[in-house]
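Me: I have a structure open and want to learn how to read it. Where do I begin?

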Amino acid sequence: MRVSPLPIGDILRDLGAELHPDSLLAESTSLGIGGYTDRIVIRRCDGLPEIIRLLDDSGIPHRFLGGGTNLLVADGELPWVVLQLPSIRGGVEIADNIATVDAAADLGGMVTFCARHNLGGMEGLIGVPGSVGGALRMNAGAYGTQIGAYVREVRLFRRSTGALETLRGCDIRFDYRHTSFGLDDVFLSVKLELPLRPYREIVKAIGICNQKRRASQPLNQKSAGCIFKNPPGSSTGRILDELGLKGFRVGDAMVSDRHANFFVNTGHASCADMLALIETVRDRVFAAHGLELEREVIFWEN
Ligand SMILES: Cc1cc2nc3c(=O)[nH]c(=O)nc-3n(C[C@H](O)[C@H](O)[C@H](O)COP(=O)(O)OP(=O)(O)OC[C@H]3O[C@@H](n4cnc5c(N)ncnc54)[C@H](O)[C@@H]3O)c2cc1C
């Protein structure tokens with residue numbers, strides 16, 4: 001999908017947005033998979049409602065891209081454009097035990113910044129790549145920590161009202177890799193209320209989580225983290241491992257031989273390869289255990 005031939009490029013510029021025509025999304029996703037479309041980088045948050053209205057009025061479907069680390073994107077020319085906040089360094093302000101964080105901030109950078117101010121609680125999230133906005137959408141979590149537990153307030157653009165709003169944490173539901181936000185809501189910033197903890201203790205806990213991750217995950221390969229959610233009380237990685245699926249592949253898409261719930265792109269895997277691998281593995285698990293695995297990775301179809 002292209003906005004480039006339409007006479008809205010100038011308007012976008014006036015609203016503080018940058019148009020990147022024909023962006024290859026394989027270059028913006030950690031799986032290294034995805035076709036091409038126009039990408040609009042939004043430099044001024046107050047321009048967002050107007051930009052979305054403009055796209056809606058022009059009949060241009062759109063999706064919101066964070067760090068691209070939990071996405072499987074279709075191949076070829078894509079029938080929607082992508083909106084993105086510019087990636088930033090920093091983006092965190094601290095007052096007492098409250099951190100106000102831009103949605104585009106790097107999640108790991110935010111955890112270490114807070115640690116330097118003796119604010120902990122999120123040690124388990126270290127090593128989860130991507131943006132704070134993406135982590136909010138998924139209620140990202142690891143090693144017993146989920147970001148939702150610390151959310152006091154979220155500033156967002158709500159599609160249902162077409163306005164910029166602030167939601168209180170207690171009015172948002174955070175479940176296992178699921179939240180009650182509207183599917184098209186766009187997060188701009190979040191206030192996190194964090195427990196005070198000595199820096200040294202936080203750094204020690206971060207070190208332990210980093211070590212666990214390095215010991216169990218294929219961090220030097222292209223992946224989107226866990227492909228499937230864990231069924232209640234069980235581990236998808238263990239189930240796939242016990243079925244002998246490590247190393248199983250379709251084209252260049254492969255079940256990691258290090259962590260069976262990580263599917264990796266070993267070269268030039270297409271989205272079709274990855275989808276075929278996901279479906280085959282799901283069928284194998286259903287045949288063996290009568291269990292329907294739910295995808296954790298988000299699929300953007302064409
Ligand atoms: C090596 C590796 C390890 C991982 N380990 C973990 C883990 O331990 N735990 C875990 O939970 N996840 C893990 N992940 C998955 C992923 O990193 C997280 O889900 C991450 O929070 C996604 O953030 P993102 O910015 O990359 O989002 P994206 O992948 O860009 O987007 C994911 C979803 O969030 C939405 N989104 C992004 N930003 C915004 C915004 N500002 N406003 C509204 N919607 C937005 C997108 O529209 C999309 O629906 C891992 C991934 C990798 C590659």
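Reply: Begin with the names. Helices and strands are DSSP runs, numbered from the N terminus. Keep in mind that this is a predicted model.

Me: Which elements each supply at least two residues of the shell around the ligand?

Reply: They are β3 (62-65), α4 (132-138), β8 (141-142) and β14 (186-193). The largest share, 5 residues, comes from α4. In total, 31 residues surround the ligand. The closest are G66, G130, G133, G134 and G225.

Me: How do the residues of the shell divide into nonpolar, polar and charged?

Reply: There are 15 nonpolar, 14 polar and 2 charged residues around the ligand.

Me: Now the sheet. How do strands pair in a sheet?

Reply: The general idea is that strands pair through backbone hydrogen bonds, parallel or antiparallel. Here, 4 strands form an open sheet in the order β1-β2-β5-β3, with mixed pairing.

Me: Why is one side of β1 and of β3 left without a neighbour in the sheet?

Reply: β1 (17-24) and β3 stand at the edges and have a single partner strand each, so one side of each has no neighbour there. From one strand to the next, the twist averages 30 degrees.

Me: How many bridges join β1 to β2?

Reply: There are 6, and β1 runs antiparallel to β2 (residues 36-42). In this pair, E18 stands opposite V41 of β2.

Me: Which domains does the assignment give?

Reply: It gives domain 1 (9-84), domain 2 (92-215) and domain 3 (219-300). The contact between domain 1 and domain 2 takes 11 residues from domain 1 and 12 residues from domain 2. On the domain 1 side, helix α2 (residues 48-57) gives the most, with 4 residues.

Key
Residues are numbered from 1 along each chain as its sequence is written. This is a predicted model: local features need pLDDT of at least 70, side-chain atom pairs count only at pLDDT 80 or more; totals for chains, interfaces and linings use all residues. A residue is near a molecule or strand if its C-beta atom, placed from the backbone, lies within 6 Å of it. Ala, Val, Leu, Ile, Met, Phe, Trp, Tyr, Cys and Pro count as nonpolar, Asp, Glu, Lys and Arg as charged, and the others, Gly among them, as polar. Domain bounds come from an automatic or database domain assignment. Two residues are in contact if their C-beta atoms, placed from the backbone, lie within 7 Å. Two strands pair if DSSP finds at least two bridges between them. Axes are lines fitted to C-alpha atoms, for helices over the stretch in contact, and angles run from 0 to 180 degrees between N-to-C directions.
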